[in-house]
Amino acid sequence: MSAPDQGYAEFFRECLPVVTRTLTALSGDNRAVEDIAQDAMLIAQHRWSDIHAYDKPEAWVLKVAIRLMRRWQQRYARETPLAEVPEVVQPAHDVEALHAALRELSPRHRETVALHHLLGYSVSEIAAVLVVGESTVRTHLTRGRAELRRILGGTDE
């Protein structure tokens with residue numbers, strides 16, 4: 001096993017839980033999240049010689065995972081409804097309530113807000129992951145946060 005392959009094993013251990021949590025927060029549909037996360041990590045392994053040198057290889061994997069999730073949702077949306085969003089009866093600071101509220105956002109708002117607030121990605125990093133302009137990311141963040149406040153019954157602060 002070469003040194004880059006060993007680096008991948010450590011990367012896999014650190015990145016897989018992040019990808020899985022992110023996809024779960026974005027989709028709320030656990031049926032395929034683990035498979036999609038594993039598929040994204042397998043693609044990363046095949047491209048490891050290229051992506052191991054990236055500043056944030058995790059961002060590249062998230063980009064792949066989000067695309068795979070979108071394809072899966074498009075393919076199966078007509079056949080099987082996505083998981084129902086549970087009623088939010090707990091306080092807004094509860095993680096499950098936040099995830100439920102995130103699932104009510106449009107896909108782009110949900111992805112942008114989750115990447116920024118749950119994973120700490122900057123606007124430029126989100127733009128690279130989602131392949132959109134930085135102004136688009138800022139717009140999605142503003143609108144997504146406003147919608148979250150509305151859903152969670154919060155104030156404008």
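How many helices and how many strands are there in the chain? The chain has 8 helices and 0 strands, counted as DSSP runs (H or I, at least four residues, for helices; E, at least two, for strands) and numbered from the N terminus. Keep in mind that this is a predicted model, where local features need pLDDT of at least 70, side-chain atom pairs count only at pLDDT 80 or more, and totals for chains, interfaces and linings use all residues. Residues are numbered from 1 along each chain as its sequence is written, and side-chain values use heavy atoms, with hydrogens and water left out.

**The chain as a whole**
- Of the 157 residues in the chain, 38% are buried (under 20% relative accessible area, 1.4 Å probe, protein chains only).
- Take the contacts (heavy atoms within 4.5 Å) with a separation of 6 or more: 62% of them join residues 24 or more positions apart.

**The largest pocket**
- The largest pocket holds about 160 Å³ of space.
- Its lining is made up of Y54, K56, A59, W60, K63, S124, E125, A128 and V129 (lining residues have an atom within 4 Å of a point on a 1 Å grid).
- Two or more lining residues come from each of α4 (57-76) and α7 (123-130), and α7 gives the most, with 4 residues.
- By type, the lining splits into 5 nonpolar, 1 polar and 3 charged residues; here Ala, Val, Leu, Ile, Met, Phe, Trp, Tyr, Cys and Pro count as nonpolar, Asp, Glu, Lys and Arg as charged, and the others as polar.
- A pocket is an open set of grid points where a 1.4 Å probe fits, with protein on both sides within 12 Å along at least five of seven lines, and its volume is the space filled by probe spheres set on the points.

Key: Buried < 20%, exposed > 50% of the residue type's maximum accessible area, 1.4 Å probe, protein only.
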